[in-house]
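Here is a short report on a predicted model. How are the chains arranged, and what lies between and inside them?

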There are 2 protein chains.
Amino acid sequence: MKRIKVSNNVIRRLPRYLRKLDELNEQGVSRISSGELGKQLGLTPSQIRQDFSCFGDFGQQGYGYNVNTLRQDIATILGMDRGFNAILLGVGNIGNALLRNFSFEEWGFSMKAAFDIKPELIGTEVNGVPILGQEQMNDYLQQNKVDVVVLCVPKEIAVKMTNDLIEQGIDAFWNFTNVELTDPNSDVLVENMHFSDSLLALSYFVSDKADEEIARQNRQKRLNNRT
Amino acid sequence: MKRIKVSNNVIRRLPRYLRKLDELNEQGVSRISSGELGKQLGLTPSQIRQDFSCFGDFGQQGYGYNVNTLRQDIATILGMDRGFNAILLGVGNIGNALLRNFSFEEWGFSMKAAFDIKPELIGTEVNGVPILGQEQMNDYLQQNKVDVVVLCVPKEIAVKMTNDLIEQGIDAFWNFTNVELTDPNSDVLVENMHFSDSLLALSYFVSDKADEEIARQNRQKRLNNRT
């Protein structure tokens, strides 16, 4: 598969394609046109063809995409077959919810271990993942390949933990702390799950819709008064 | 504050500005130039000025932004002062983590009630939020203003629940179910927290970085062999 510089927007759409293709597979759909795929995803057929053309040629003109093959190709592009290992730091409410509910395996990740400082947690398992003490982490990192750290620690210690981990050679973080972990120019990979950013975007859209409705009503009132 | 159609990318940056301004406020910084703000966020000063110009004029040429005023203006644009009410559906691991850890109030939302079907939960409270039975929901919706539903139910029932709620007049969802809730052309507002999309984007970037490193090493080898 050829790799060229691909825009962030395209990369962000790939997981959506993957989920949609999994859904189609479950429904027994084996072939789909870019037109139909676009309709189901709210994208234009040409946008879809353009997205896929970044990675080579997936479809046959006029014949559509093989759902299964396309799914495998996108999974490969996303690195789901690379056997990435992850560890999780901070088994509080959100860390716990991730260990229990989020199927890392399904997305190609192996969740190897979690770390915390609470004595009552250390030595236990959550969903088959062993909880180790934080003081064991450096040894663990020296003895094991870790591709991604899932960071769920309290925000007060997030940046310090990150810097320690970067010193240990970690260069990819899945960040649940709602803190900017690194300098924006750093080449460490940080993928943020900023819950509040998401809720505030929704808050904006809800506000906007309400304002539009009020504007519409006012226009209507003015029209009514005129007649 | 004037409202014009603003691009999604600009809207998505507003919460980041807000978090940064909160951080600056905490550090006692009262005024900041677009240059310095840009540096701290990995954006260019002109991008920042352009973003803010969508909503009117916030800064004074050559004098920078008043951190506190700008923070208030962005909060207003985001609708944080509108007193939005939210309810949460599905008090499993992730719903529970949200109720316990996520400070809805801090972002302008009032979390009024949560709903579940588990008898042992109904009638209890999590972090001051009452847990009601699902069969009480329709009555609740008729008697109370609900602006946003936080959806944390199992994915199998996510679409059906959404359709029921839309029929009850709900038109904004914060979606934690990893399912596309509505037709992409629907005018219902759905803000998705697709955990797997985020992890897969990270997986892509980690793969890409690894490939680049291998390519770099191969180039180096070829160079070494040549000499």
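Chain A can be laid on chain B with an RMSD of 0.0 Å.

The interface of chain A and chain B in values:

| Item | Value |
|---|---|
| Residues in contact | 67 of chain A, 67 of chain B |
| Buried area | about 6000 Å² |
| Share from carbon and sulfur atoms | 63% |
| Salt bridges across the interface | ten |

B:Asp211 and A:Arg82 also pair through their side chains, in a salt bridge of 2.9 Å, N to O.

The largest nonpolar core has 112 residues. Among those with the most contacts inside it are A:Trp174, A:Phe176, B:Trp174 and B:Phe195. What does A:Trp174 touch? Its partners in chain A include A:Phe102, A:Phe104, A:Val148, A:Leu151 and A:Met193. In chain B, A:Trp174 touches B:Phe195, B:Ser198, B:Leu199 and B:Leu202. A second, separate core has 20 residues, including A:Ile87, A:Leu89, A:Met161 and A:Leu165.

Now the helix. H3 of chain A spans residues 45-53, and A:Ile48, A:Asp51 and A:Phe52 are buried in it. Seen down the axis of H3(A), the buried residues fall within an arc of 90°, so they line one face of the helix. Their cover includes helices H1 (8-26), H2 (34-41) and H4 (67-77) and strand S2 (65-66), of chain A.

Conventions:
Residues numbered from 1 in each chain as written. Chains lettered and ligands numbered in written order. Predicted model: local features only at pLDDT ≥ 70, side-chain atom pairs only at ≥ 80, totals over all residues. Heavy atoms only, no water. Core = buried A, V, L, I, M, F, W, Y, C linked by side-chain atoms within 4.5 Å. Buried < 20%, exposed > 50% of the residue type's maximum accessible area, 1.4 Å probe, protein only. Contact = heavy atoms within 4.5 Å. Least-squares fit on C-alpha atoms with pLDDT ≥ 70 in both. Helix = DSSP H or I, 4+ residues; strand = E, 2+ residues; numbered from the N terminus. Arc of directions from axis to C-beta. Buried area = accessible area lost by both parts, 1.4 Å probe. Salt bridge = Lys/Arg side-chain N within 4 Å of Asp/Glu carboxyl O. Lists of a residue's contacts leave out its neighbours within four places in sequence.
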